[in-house]
Amino acid sequence: MSRPYAAARALGRHLLLLGLSVLIVAPFAWMITTSLKSFDKVHQPPYLVPEQFEWSNYPQALAAAPFAGYYLNSVVMAAGIVAGHLLLDTLAAYALARLRFPGRNAIFLGLVATMLVPTFLTVLPAFDLVIRFGWFNSYAALIVPRLADVFGIVVIRGYLLSLPMELDEAARIDGANRMQILFRILLPLSKPALVSVAVFSFLFAWNDFLWPLLVTSDDQYRTIQLGLAAFTSKYGPYPHYLMAGTVIAAVPAIAIFMYLQRSLVRGLAATAVKE
Amino acid sequence: MGVRDRTAEVGRGPSTPITHPAVQRAGAAPRRVRRSYRRGDLITAALCLAPALLVIGLFVVYPLVATGLLSLTSWDGISPDRPFVGLDNYGKLMADPAFRNSMVVTVLYGLGVSVLSVITGVGAAALLNSAFRGRAVYRTAFFLPVVTSSIAAAAVWRYLFDVSGPVNSALEQVGLGETNWLGDPHLALVSLTLLTVWKQLGLNTVLYLTAMQALPAQVYEAAALDGAGPWQRMRHITLPLLAPMTFFVVVQALVVTFQSFDLVYQLTAGGPMGGTEVVGFLVYRTAFVTGQFGYGATIAYAGFALVFALTWIQWRLGGKDQT
């Protein structure tokens, strides 16, 4: 291939990618800059960067709705779900990857099949259960039904299967019991899988909307996404406040993604390939 | 537990190859002969699996069955008695224009999102599929919408595509008239489709990238020697070899659209005039807004069965020659 031709191709590639990236990132750019515009500027002919930044939009948006409480609830819910996934999914994955018992493959396939069940086929009786347990408007309703998930089991099981069985057998000969083998030997080696499960579980919990919408009605237990939805319908005519609220709700997930993106994308690709 | 386990290991060190004839034969007839289970394994496995199975059983498996039973009642979701009405709800469904509308909307939405997801996913992955500077930056940019909450993403789109929003004022600047993106039923579905594709693009790109990186390099070298240009290689080698991933991406897109609720809730709330009322949103509205819990379950059951069937037929009829 001649050099000018290769250079032209590289340039073309960058131009296309740049155009696509601009399209994809534009809503974020508008979100951020609108959140810093003054009200009389938001409806003017479109322009991206405001002449002066209205930082006061943020304290005003924060004061207009109980964002601190929403935030706290989201953190509590996400922490509970992440901890639940790390413990329950790991235990189940260990049994499915390292122990021999009848029906092991059937149980695993059954679990994977539940991943295909659409939410709406389960949400009504699940809601009914929460009511019967007396959990409506409580952290229990937000956390307990989602303490375990199949995605985490699949990821951790896949990782455990890639570790040599000799590890377990050597440890067993040294007198370690199964829980010691799992927690002292296998899990320290499984950090990449555990990190990617933790991040995905956090993203899921932080961004979750339907379930918290159904099982809470009180601001005392409502999460940030519910808060943002309510804020949207209330402050629709005030895009500058609205976008400030949106930034507040979206930032933690984006920040965590930016921080851990490499392991996240890799873990995701690995699971997809296995499926 | 430890002591018993070690006695079971007697005669077979950790790395000794398995030489017992019974075990060797197991390769030929795997079901007939097998090592007996260790008791410790059974007990530990039961204890380890119990918590996860309890949660998933109680909140996924049981509800899946219970929704079917619920669909045979006219329960309102609150009162203690749940009147059994047999298949009445299913009869009601046939004549319900809201249900028919949601079916049409869901199928159009599912088709739109899957077709556009494949096109944009393959395109973006093809652009990213070689080593060059700045690749990671693009990939990050593409992935941003995936990790953003649907509620936040739709809040921004709702503002951008408002009648008097930035998109319209930009169009006016270049001389195009005002478009009521979210106020017209058809355009609202188009906007919802675009929003969904935008949100999923990064995921599909990463999936296709993974698949492309696993493609055999020799085939490309041979094709290049035979004089196949980049476009021909894409058309005749890459796309056919990517078929399994395309299947995965389409299934993923369909699952996303069947589940779609947050985006719809925040962008259009199912409107205008039901233009974006996908089946999931109709289930929510029926059960939780109008208080017809039993009928909501019927819509969920019948709706998903129908949408799956329709999509499958469409897939068989139209999808065969594409791959």
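**Reading burial and exposure in a predicted model**

User: In which helix does B:I119 lie?

Analyst: B:I119 lies in helix α5 of chain B. Please keep in mind that the model is predicted.

User: Is B:I119 buried or exposed?

Analyst: A residue is called exposed when its relative accessible area is over 50%. B:I119 has a relative accessibility of 55%, so B:I119 counts as exposed.

User: Which residues make the nonpolar surface patch?

Analyst: The patch is made by B:V115, B:L116, B:I119, B:V190 and B:L194, and its area is about 390 Å². Two helices of chain B, α5 (97–128) and α9 (185–213), each supply at least two of the patch residues. The largest share, 3 residues, comes from α5(B).

User: Why does A:V123 count as buried?

Analyst: Buried means under 20% relative accessible area. A:V123 counts as buried because its relative accessibility is 4%. In chain A, this residue is found in helix α5 (residues 123–132).

User: With which residues is A:V123 in contact, leaving aside its neighbours within four places in sequence?

Analyst: With those neighbours left aside, A:V123 is in contact with A:L210, A:W211 and A:L214. A:V123 and A:W211 are 88 residues apart in sequence, while their C-alpha atoms are 8.0 Å apart in space.

User: Where in chain A is confidence lowest, and where is it highest?

Analyst: Confidence is lowest in helix α13 (residues 239–274) of chain A, with a mean of 76. It is highest in helix α6 (residues 139–143) of chain A, at 97. For chain A, the mean pLDDT is 88, and 93% of its residues reach 70 or more.

Technical notes: Residues are numbered from 1 along each chain as its sequence is written. Chains are lettered from A and ligands numbered from 1 in the order in which they are written. This is a predicted model: local features need pLDDT of at least 70, side-chain atom pairs count only at pLDDT 80 or more; totals for chains, interfaces and linings use all residues. Side-chain values use heavy atoms; hydrogens and water are left out. pLDDT is the predictor's confidence in each residue, from 0 to 100. Helices (H or I, at least four residues) and strands (E, at least two) are DSSP runs, numbered from the N terminus. Buried means under 20% relative accessible area, exposed over 50%, partly exposed in between (1.4 Å probe, protein chains only). Contact means heavy atoms within 4.5 Å. Patches are made of residues with over 30% relative accessible area and no salt bridge: like charges are joined within 9 Å, nonpolar side chains (Val, Leu, Ile, Met, Phe, Trp, Tyr) within 5 Å. Accessible areas come from the Shrake-Rupley method with a 1.4 Å probe; for residues, only the protein chains shown count as cover. A salt bridge is a side-chain nitrogen of Lys or Arg within 4 Å of a carboxyl oxygen of Asp or Glu.
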